[in-house]
Amino acid sequence: MISFPKTIASAQAAHGVVRAGGTDLQERRLQGITTGDLVDLRDTAGLDRLELDELGLHLGAGLTVQTLATEPRILEGFPGLAQAAAGLATPQIRARGTLGGNVLQEVRCWYYRSPRQVCAKKGGAVCLSRQGDHLYHSCFDLGLCAAPHPSTLALALLVYEAEAELSSGSRLEIPALLGDGHDPRQTHALPPGELLVALHLPPAVPGESAAYGRATSRAQAEWPLVEVIVRLWIDLGKGRHPVAKITDARVAMGGVANRPLHLPLVEAALIGAEPTDEVLATAAARAAEGASPLPMTAYKVKLIPGIVRDVLTRARDAVLPPVVELPAATPGATPAPPTKELR
Amino acid sequence: MSDPVSRRGFLRGTVAGTAGVATLATVGPRLAEAASQAAPPTRDIVSVACTVNGRSQAVTVGADEPVVDMVRERLGLKGTKLSCGSGTCGACTVLVDGSPQCSCLLPAVALEGRSLTTVEGIAPQGHLHPVQRAFMAKDALQCGYCTPGFVVEASAFHDAWRAAHGTQEPSRDEVAQALAGHLCRCGAYEAIYAAVQAACRGEHDRGDPLPPRVEARDKVTGAARYTVDVQVEGMLRGRILRSPHAAAVLTRLDTAAAQALDGVSAVVRFVDDGGRVRYADQEVAAVAARDEDTARRGLALLLPEWQVLPHVLDIASAQAEGAPLVWELPKDAPSSAEGATLSGKWNANVRGPASSSILGKPGRADKKIERARTEGRLQSGTFQTQVQVHGALEPHAVIAWWKDAPADLPRGELPRPTVELWVSTQAVHDLAQDVAQRWKLRQQDVRVHAEHVGGGFGAKASLSMELVAAVELSRLAQAPVRIVPDRAEELSVGGNRPSHELQVEVAATADGALDAVRSVAHGSSGVAVGAVTGMIARLLYKSDDKRLEDYDVVTNTPPSRPMRGPGGPPAIFALEQVVDQVARSRGEDSITLRRRWDGHPGRLRLYDWIESLPAWAGRAGLPREGRYRQGVGLACANWFVFIDRGARVQIEASSDGIVAASACQDMGNGSRTVVATAVSEVLGLRPTDIQVRFGDSRDVPGVMSAGSRTTASMGPAATEAATELVEELSELARDSLGWDDVIAVPGGLQHGGSTVPWAQVLAATGPVTTLGRRRRDPGGYFIPFAPSGVNIGKDLAAAVQLTHVEVDTWLGKTRVLGAWVGLAAGRIRVPTLARSQVEGGVVQGIGYALYEERHLDPVTGQLLSRNMDDYRIPGIGDVPPIEVRFDDQALDGVLDGGVGIGEVCTIPTAASIANAVFDATGWRPATLPIRPDRVLEARS
């Protein structure tokens, strides 16, 4: 059975699994992980709002990831969100996947995604990855399910202090929308019968420099080992020898726990400080504090300071480029890439 | 004692052969209701109105039906390919309102009111898009299975780019980002970069290029038909029931409910009640039904009962004291090797040692090694390499049609069944023979088709279980049965390269000569045996003083199949790193030492080239401190020369055209072009003037696409066929047509002062057929007989790779910045295609070195890396500029002067990268893949 509700109200009333882009859901359905009737939002009006007003940025849950990555108003005022959107998945997935679908998607854990394995998220008694292969799983052990939260946009919305608007009209902050992970079956805490309709971000704060980054093994198109998003405000200082100062910071990290983590310790180490390499490195190291790795994920604790520092550095360098001393040119010092043969 | 060696060694011993079909449960065929068309999926409940390639369509689709199925099955547009099914590989990419999307995940209902463009529609009928022309011109494809997806995506990128930037060239990064959602297992990325950049520069806006690869046009337009694209009237769909347990007894399997399901035509089983399974996903039974949905439902009604047994999954635990035995009777262990299996003794799960020190002096090597140890002249290391999966983008698809003899046979005629097969195989001719042998049929009663093959890499050289299942189901159902494994099945049982643990010791004399080598390896081919590395270690650095031993350690995991250079990458990963250490311990650079040890004349010349490269000359100045550390590493490998003198090429020439036919196949390695080139050279025509007919076992024998033998075997046979054609036509012209002073010239026959083109000659003479054989090589062979029908040449193909890497010490990430690969294999038959092969081999080597790894659940033994997100092969962004150099001084002892390069090019890559990582960081990677967590652990 499939229905195509025309309004949010009728979508909320319809029975079945909600399908937007389908880039996560369809893989699960075709594998038999998720079954049941379908509520397809293809014809549902009211999910593609994109407005900027004095209250902030209003994003319909049905907007595509690609739209978030390229919309000028988002690039301008909410650059971290745009970068996160541009940095996830692949061009084809971004063209189809939605904001709401990305936030509400299921974990990538290979036990969860395997039809034969009945893990805790599927109603089984134990989290199977713990006694099995959990190489890509959490290093902050915050709930029975050891799979990291899969949503890059949830990470971005967290750091932008967004609010979720549900079909009933009620609003949830991102931590409440995602839940605390106490029930392994729930990757998010959207109340039953509700639809995620829109995300609202508070107004842009001028002077923001943001960066998103993820640690992976390949160059592109790979689920993150750790992902980080940084928003910095830097006062460049005055006078003949200006001393820059970080006036505010928002930092969050994903890929490491069953929900994206806000990093107040990192922020505290940044705010008020001069954005030197040492300050950034010290702040980045604090991101790993409190980590509770699983036997196979201790390496992520080592990875965290590196990737946080990397993203902090990029956010800083965007407004405060490093002074580079050029070495004296030495012939052959930098090997040239292979000459491209004429094909 | 090893199993009796059949013509292809492993056939009799493979799991497919051993498991056999235990009980042909005479599940009576349902009354043969031949399903008439490609049966549509059930639950047709939504009608969709959309435009497809400019044409209005009203289609009825299922609620979950993906666009790829709608396009391929309902609309018959086969160009769009299904490969990964998870939106990762991009082979299924289509344009929705001009925007590239993955059709494997896109619900068909989403197309309501939209326009869909497939590869068939990106250019008007009969025309080509600039990107298609560019892909053809730059040879930006090999097997072609990923090509439609790339072409669709790149066409959208090109059109947007040109509108915004005119003919400004996009950077590699810009192209990589646009193509991030595409994977090419053949590794054609270098050429893909070149093609997209050239198209954007406006260089292919017009024209009708003659591509270096003769079938390229069919591949870039989606016209090429692979086994998955074949439609046979009345075709049933088969699915295989697989064991969920790594080791178990099947106590009971009740097939009654499955048999009784409406629409199920046949059920077969491969394991008896009380029989054993030895790896997760092992084939237990199979169902054929009128459509996919019914087949799945039938499968779900098969209810096996199991007694689960303890299992072992890796080399260490299989060797542990008291480990459960994988085979109670070790002689039952099948062979995974390409040729004969070396002999070895069994001790629980371990078999060996098998020695590769043929005619060598391993005892003397031991003494030399011990003396070197006490004198401080010994370098050693222990290395671990992982299971690598072949991962061809086209799965092991098969359609089998078993026809029993008709009831109304003429009197006195013996009833003989016939079997017709469409298979994604790299051995059309050999497979037909194997099928005939297995089912005791006559050769002429078996026919195998494989017009185009979407990659193989060694996984598709033998008769595998999905083919057995399809044949047995077809026999029962008396209807064609198609089985197409899904990606999880492919990644599980579709073939793998064994894992190894190697202990290598290399001693140098005080003067820096090679003193001795000892390599002791334990390898796991899963439940099979035959994981040999010593043979390849033997080929490099000639010396009698080598102890080279391999032990097979069986595990409850799927059997290996030969994978591109079997044994090579792991052997060289270990050996060449230890040799690197020897050089460093002596304060010498890698080339200086190797020049002394390496007898290969072609590679000695290639060292000159490497030394001339700025990457080598400037290596001292690379940054080796701070966050990003760079280094260069060198490694070499040799590979055998195999010649199959069974190669035959038949030319059928008429005024309609020149057809060169052979029961050979092209899986992207370019064999069609080799044959076309050889024939065209003799006739003075262009390769594209020759029509090559491959992929039908009815044609004269072709060779397997394996062992790097195809070019060297098929090329001379094609040349001979063409030479015979010229002679025969000349003779006919003189004798039958009465032409005076006939001379063969490029393009035709010259007589009476003018050249008559071949077509015209043939119009006058009538059709002519000739046969070319693969004659003996003038230089002879390594041994006088041909094991498994294949001669071993006296030469060795040689490769050397220099790699420049950067290690990001903050993130543990290794990036290849550049690769330079030298090949010495004699005369290169078709340089452009050979270069594509080499680039592809380097890409697979990068995957082996840095990313690829099969993950099994330690508790159940089931596959965890079930999709192309979790089994990580290189993407376009992982591929650096690759420079390929052929030292193509001809090998005089070999017909055509050259030998194969398909395998030797991938063997040294991982060792080269590892040596470069050591150069950059001072840490030697002993375990593959070189993952970020391993780099980070090493630094702390």
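Which residues form one aromatic cluster with Trp639(B)? The cluster consists of Trp639(B), Phe640(B) and Phe642(B). The model is predicted, with local features requiring pLDDT of at least 70 and side-chain atom pairs pLDDT 80 or more, while totals for chains, interfaces and linings use all residues. Residues are numbered from 1 along each chain as its sequence is written, and side-chain values use heavy atoms, without hydrogens and water.

A pair of aromatic rings is described by the distance of the centres and the angle of the planes. Rings of Phe, Tyr and Trp (for Trp, the six-membered ring) pair if their centres lie within 6.5 Å; planes under 30 degrees apart count as stacked, over 60 as edge-to-face and the rest as tilted. By this rule, nine aromatic pairs are counted over all chains. The pair of Phe150(B) and Tyr189(B) is edge-to-face, because the ring centres are 6.5 Å apart and the planes stand at 65°. Phe150(B) counts as buried (under 20% relative accessible area, with exposed over 50% and partly exposed in between, for a 1.4 Å probe and protein chains only), at 1% relative accessibility. Tyr189(B), with a relative accessible area of 0%, is also buried.

A further edge-to-face pair is formed by Phe383(B) and Phe573(B), with 5.7 Å from centre to centre and 80° between the planes. Both Phe383(B) and Phe573(B) are buried.

In chain A, buried residues make up 55% of the 343 residues. Among contacts (heavy atoms within 4.5 Å) between residues of chain A at least 6 apart in sequence, 64% join residues at least 24 apart.

Note on methods:
Chains lettered and ligands numbered in written order.
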